[in-house]
Amino acid sequence: MNGKDIRPDSLERIESAAQAEAFIASEVERVRKQVGDGKVLLALSGGVDSSVVAALLIKAIGRNLVCVHVNHGLLRKGESEQVVQVFRHEMDANLVYVDAVDRFLDKLAGVADPETKRKIIGAEFIRVFEEEARKQEGIGFLAQGTIYPDILESVDGVKAHHNVGGLPEDLSFELVEPLKYLYKDEVRVVGKALGLPDGMVYRQPFPGPGLGVRCLGAITRDRLEAVRESDAILREEFAAAGLEGKVWQYFTIVPDFKSTGVKEGRRSFEWPVIIRAVNTRDAMSATVEDVPFALLSHITDRILKEVKGVNRVCYDMTPKPCGTIEWE
């Protein structure tokens, strides 16, 4: 790790609104000095990090921020529609919508290695932004929602991040990364101070490669749909049980192998769904949520009945360390 990627000793832990306001004021000034009258392109997924970056940059440079939402086919159910509704219609953001589902899934066809998948997704993201930049006038900067755990895990070799390094040499954008020294809990405090709605600030984290790292191994469209549908059921039932906002992150995974089961009196050979639910303060360590057995049974029943191609549901009991929060 080089010196510029180390969190400054002068940056106090952001835990209060006053500390967040001071950070925002400092970053707004820094961004204005860096960008000047230039335009900034931002990948707006709708997740916590990119949403907070968007709000901060809108405060700093207004309409000179161009938000690009890429539907790469790896988003959660209804997520792309929600991003357009919230940011374009409710927040009046300068938002560009890009439908790139086939483009991404075609690139990922047959690719099983998780690091290779991440790199393909990251590289394709950069190319999409580059193309969108050519359609705009005066774009000279690329904003990213990089946070400090991204940098630490990349340096330690735990995993590659689409938003840490790896930019192609022919890309002329200068990076704008206002959150790069913050931990996830600090990002939420800053988001709250920026006036973002609670549903956005406390939204559970979502990896840059999306469901691409939750559809384990080589991605197939049918298995990807099983991840999407089972994840929607899990989120719906956690919300109904009052766990939304209380459990830090929860999602489903579908591996690239099948198991033997019985459905309607006949042998089935279908995929398992793995449920992951964890709590953490800074994403560097995590504990497993003690989900009531009755709720797990109800979720299992719904997944087995409603998700096509699935005949088994498991609950991941592994803390971090030694297991990372994501499987890939």
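Strands β1 (residues 39–43) and β2 (residues 65–71) run parallel and pair over 4 bridges. Two strands count as paired here if DSSP finds at least two bridges between them, and the strands themselves are DSSP runs of E, at least two residues long, while helices are runs of H or I, at least four residues, all numbered from the N terminus. Within that pair, leucine 42 sits opposite cysteine 67 in β2.

Before going on: this is a predicted model, where local features need pLDDT of at least 70, side-chain atom pairs count only at pLDDT 80 or more, and totals for chains, interfaces and linings use all residues. Residues are numbered from 1 along each chain as its sequence is written, and side-chain values use heavy atoms, with hydrogens and water left out.

**The sheet**

The β1/β2 pair belongs to an open, parallel sheet of 5 strands, in the order β3-β2-β1-β4-β5. β3 and β5 are the edge strands; each has a single partner, so one side of each lacks a neighbour in the sheet. On average, neighbouring strands are turned by 30° against each other, direction ignored. Angles like this come from axes fitted as lines to C-alpha atoms (for helices, over the stretch in contact), and run from 0 to 180 degrees between N-to-C directions.

| Strand | Residues |
|---|---|
| β1 | 39–43 |
| β2 | 65–71 |
| β3 | 95–99 |
| β4 | 139–143 |
| β5 | 174–176 |

Helix α2 (residues 48–61) lies across β1, β2, β4 and β5, at about 165° to β1.

**Helix α1**

The 19 residues of α1 (residues 17–35) should span 27 Å at 1.5 Å a residue, and the end C-alpha atoms are 26 Å apart, which agrees. (The expected span is 1.5 Å times one less than the number of residues.) Buried in α1 are Ala20, Phe23, Ile24, Glu27, Val28, Val31 and Val35. They cover an arc of only 140° around the axis, so they sit on the same side of α1; the arc is taken from the directions from the helix axis to the C-beta atoms. Facing away from that buried side are the exposed Ala18 and Lys33. Buried means under 20% relative accessible area, exposed over 50%, partly exposed in between (1.4 Å probe, protein chains only). The cover over the buried residues includes β1, α2, β4, β5 and α7 (184–193). Just after α1, glycine 36 has a positive phi of about 65°.

**Glycine 140**

Glycine 140 is in β4 and is partly exposed, at 25% relative accessible area. Leaving aside neighbours within four places in sequence, glycine 140 is in contact (heavy atoms within 4.5 Å) with Lys39, Ser172, Phe173 and Glu174.
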